[in-house]
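Me: I have a structure open and would like to go through it piece by piece. Can you help me read it?

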Amino acid sequence: MKREIVAIYPGSFDPVTNGHLDIISRGRSIFDRVVVAVSVNQEKTPLFSLDERVQMLRNATTGWDNVDVDRFEGLLVNYAADRGASVILRGIRAVTDFDYEFQMALMNRRLQGKLETVFLVPAEKYTYLSSSLVKEVASLGGSVEGLVPAEVLQKLQLKLKTG
Ligand SMILES: Nc1ncnc2c1ncn2[C@@H]1O[C@H](COP(=O)(O)OP(=O)(O)OP(=O)(O)O)[C@@H](O)[C@H]1O
Ligand SMILES: [Mg+2]
């Protein structure tokens, strides 16, 4: 029997954007399973709670049967081992992502040599898109329609109105 190739796609997803979904969609057509892993460790205070971030990702990926959404804490290489994953999936937008991603990929390889990091490039229209930019624009009253799933659009409006 052929072994299933599981890829972990880690991030903070605060909140999920159409750029993330583009990477998940490409990833799931290459690998048998994609586990989207929402990080519990966070340097900055997130806008959305861990539960909210997980739930929005689950809702956005419901039709995709080979995609799981989970949370993880601690070292990514340990979590990958727990999930039986052999690939770390990351998205790369521009040269600005490169330095950090390269550093993380080499450190993760040092920690676990058998785990390969695979970078995918999103559709051109998402190459400038990040969760931070979405939050910034939305908090200033600008429209982020078409850049995030409909549910995220609603939640952003609610959160920024009451918050
Ligand atoms: N628009 C996008 N296109 C391709 N990859 C992306 C895009 N947005 C995020 N990624 C990738 O998804 C992974 C998880 O990213 P992360 O959770 O940091 O999202 P982010 O949009 O960069 O959020 P933040 O602005 O908070 O850093 C990273 O590999 C990141 O490079
Ligand atoms: Mg980022």
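Me: Which helices and strands each supply at least two residues of the lining of the largest pocket?

Reply: This is a predicted model. In it, the strands that each supply at least two lining residues are S1 (6–11), S4 (87–91) and S5 (116–120). The helices that do so are H1 (18–30), H4 (95–111) and H5 (131–139).

Me: And where does the largest share of that lining come from?

Reply: From H4, which gives nine residues.

Me: How many residues line the largest pocket, and which lie nearest its centre?

Reply: The lining has 46 residues. Nearest the centre are Gly 11, Ser 12, Arg 90, Tyr 100 and Glu 101.

Me: How much space is in there?

Reply: About 1,400 Å³ lies in the largest pocket.

Me: What is the lining like by class?

Reply: There are 20 nonpolar, 18 polar and eight charged residues in the lining of the largest pocket.

Me: OK, now the second largest pocket. How much space does that have?

Reply: About 150 Å³. Its lining includes Ala 138, Gly 141, Gly 142, Leu 153 and Lys 161.

Me: Which helix gives the largest share of that lining?

Reply: Helix H6, residues 150–162, with five residues. By class, the lining of the second largest pocket has five nonpolar, four polar and two charged residues.

Me: Change of topic. How many salt bridges does the count come to?

Reply: The count comes to 13. One of them joins Asp 14 and Lys 135, with the closest N and O atoms 2.8 Å apart. Asp 14 is in the loop between S1 and H1 and Lys 135 is in helix H5, so this pair ties together parts that are 121 residues apart in sequence.

Me: Is Asp 14 buried or exposed?

Reply: Asp 14 is buried, because its relative accessible area is 2% and buried means under 20%. Lys 135 has 22% relative accessibility, so this residue counts as partly exposed.

Me: Staying with Asp 14, what is the peptide bond from there to Pro 15 like?

Reply: That bond is cis, with omega near 0 degrees. Pro 15 is in the loop between S1 and H1.

Me: What about Phe 13, where does that lie?

Reply: Phe 13 also lies in the loop between S1 and H1. Its phi is positive, about 45 degrees, although Phe 13 is not a glycine. Phe 13 counts as buried because its relative accessible area is 1%.

Me: Back to salt bridges. Which residue does Asp 68 meet in one?

Reply: Arg 33, at 3.1 Å from N to O. Asp 68 sits in strand S3 and Arg 33 in strand S2, so the pair ties together parts 35 residues apart in sequence. Asp 68 counts as partly exposed because its relative accessibility is 24%. Arg 33 is at 22%, so Arg 33 counts as partly exposed.

Me: Which residues are linked in a network of salt bridges?

Reply: Glu 4, Arg 33, Asp 68, Asp 70 and Arg 83.

Me: And what does Asp 51 meet in a salt bridge?

Reply: The side chain of Arg 71, at 3.0 Å from N to O. This pair links distant parts of the chain, with Asp 51 in helix H2 and Arg 71 in strand S3, 20 residues apart. Arg 71 is partly exposed, as its relative accessible area is 35%.

Me: On to the surface. Which residues form a nonpolar patch there?

Reply: Leu 75, Met 107 and Leu 111 do, with about 270 Å² of accessible area together. Leu 75 is in the loop between strand S3 (67–72) and helix H3 (76–82). Leu 75 counts as partly exposed because its relative accessibility is 46%.

Me: I also marked Val 34. Why does that one count as buried?

Reply: Because its relative accessibility is 0%. Val 34 is in strand S2, residues 33–39.

Me: How far apart are Val 34 and Ala 7 in space?

Reply: They are 4.9 Å apart, C-alpha to C-alpha, while being 27 residues apart in sequence.

Me: And Ser 49 and Ala 81, how far apart are those?

Reply: In space, 26 Å, C-alpha to C-alpha, and in sequence 32 residues. Ser 49 is in the loop between S2 and helix H2 (50–60). Ser 49 counts as partly exposed because its relative accessibility is 34%.

How values were computed:
Residues numbered from 1 in each chain as written. Chains lettered and ligands numbered in written order. Predicted model: local features only at pLDDT ≥ 70, side-chain atom pairs only at ≥ 80, totals over all residues. Heavy atoms only, no water. Patch = residues over 30% accessible without salt bridge, like charges linked within 9 Å, V, L, I, M, F, W, Y side chains within 5 Å. Areas by Shrake-Rupley, 256 points an atom, 1.4 Å probe, with all protein chains shown as cover. Salt bridge = Lys/Arg side-chain N within 4 Å of Asp/Glu carboxyl O. Helix = DSSP H or I, 4+ residues; strand = E, 2+ residues; numbered from the N terminus. Buried < 20%, exposed > 50% of the residue type's maximum accessible area, 1.4 Å probe, protein only. 1 Å grid on protein atoms, 1.4 Å probe; cavity = no way out; pocket = protein on both sides within 12 Å on 5 of 7 lines; lining within 4 Å. Points joined across faces, edges and corners; volume = space filled by probe spheres on them. Nonpolar A, V, L, I, M, F, W, Y, C, P; charged D, E, K, R; others polar.
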